[in-house]
Amino acid sequence: MADDGPMEDYPTEIEENLNDFESSLSSVQNMVQTLVSVSRSDNLLQLDPLERAKLDLMSAYALNSMFWMYLVTQGVNPKDHAIKQELDRIRTYMNKVKEITDKRKAARLDKDAASRFVRNALWEPEDKKREDTAEHPQRGKHIRFS
């Protein structure tokens with residue numbers, strides 16, 4: 001009986017879910033190992049300040065999310081725990097960073113080009129049109145051949 005393997009103490013209906021969870025957990029572990037293996041200061045030196053903020057927020061959110069899951073596995077309601085406020089605080093900062101990123105991507109107004117569009121689209125006074133035709137009498141005239 002010792003060779004039968006570990007005795008299962010969970011219902012067989014959740015075996016597929018547990019296998020999925022185990023594979024997801026190992027994938028997270030591999031990602032964390034990759035992040036930990038590289039020096040943080042080396043990563044930060046290559047990033048601009050906005051990207052640094054995104055990395056810090058992502059790290060904090062991931063860590064707090066894992067703690068949320070740990071609390072659930074221990075039977076603690078995380079909604080009643082201080083971790084909920086921490087996740088909300090991080091989400092607020094993530095939204096602020098997203099707004100800044102969106103503003104950077106937004107179209108910028110070229111004031112010179114806009115003023116040229118407006119100037120050329122405006123109506124020309126009749127006197128100016130007369131001056132133009134006086135200078136160039138053939139301009140705007142059509143010749144008919146019969």
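Reader: Why does Ile83 count as buried?

Author: The model is a predicted one. Ile83 has a relative accessibility of 6%, and buried means under 20%, so Ile83 counts as buried.

Reader: Where does Ile83 lie, and which residues is Ile83 in contact with?

Author: Ile83 lies in helix H4. Leaving aside neighbours within four places in sequence, Ile83 is in contact with Asn64, Phe67, Trp68, Leu71 and Pro78. Contact here means heavy atoms within 4.5 Å.

Reader: How many residues apart in sequence are Ile83 and Trp68, and how far apart in space?

Author: Ile83 and Trp68 are 15 residues apart in sequence. From C-alpha to C-alpha, the two are 6.8 Å apart in space.

Reader: Now the pockets. How do you know where empty space is left?

Author: A probe the size of a water molecule is rolled over the atoms, and this shows where empty space is left.

Reader: What volume does the largest pocket have, and which residues lie nearest its centre?

Author: The volume of the largest pocket is about 300 Å³. Its lining has 14 residues, and Val32, Leu35, Val36, Met58 and Ser59 lie nearest the centre. Helix H1 (15-37), helix H2 (40-45) and helix H3 (49-73) are the elements that give two or more residues to this lining. The largest share, six residues, comes from H3.

Reader: By class, what does the lining of the largest pocket have?

Author: The lining of the largest pocket has 11 nonpolar residues, two polar and one charged.

Reader: Which residues line the second largest pocket?

Author: Phe21, Ser24, Leu25, Val28, Ala62, Met66, Met69, Tyr70, Val72 and Thr73 line the second largest pocket. H1 and H3 are the elements that give two or more residues to this lining, and H3 gives the most, with six residues. The volume of the second largest pocket is about 240 Å³.

Reader: How many residues in that lining are nonpolar, polar and charged?

Author: Eight are nonpolar, two are polar and none is charged.

How values were computed
Residues are numbered from 1 along each chain as its sequence is written. This is a predicted model: local features need pLDDT of at least 70, side-chain atom pairs count only at pLDDT 80 or more; totals for chains, interfaces and linings use all residues. Side-chain values use heavy atoms; hydrogens and water are left out. On a 1 Å grid over the protein atoms alone, a cavity is a set of points where a 1.4 Å probe fits but cannot get out, and a pocket is an open set with protein on both sides within 12 Å along at least five of seven lines; lining residues have an atom within 4 Å of a point. Grid points are joined across faces, edges and corners, and a volume is the space filled by probe spheres set on the points. Helices (H or I, at least four residues) and strands (E, at least two) are DSSP runs, numbered from the N terminus. Ala, Val, Leu, Ile, Met, Phe, Trp, Tyr, Cys and Pro count as nonpolar, Asp, Glu, Lys and Arg as charged, and the others, Gly among them, as polar. Buried means under 20% relative accessible area, exposed over 50%, partly exposed in between (1.4 Å probe, protein chains only).
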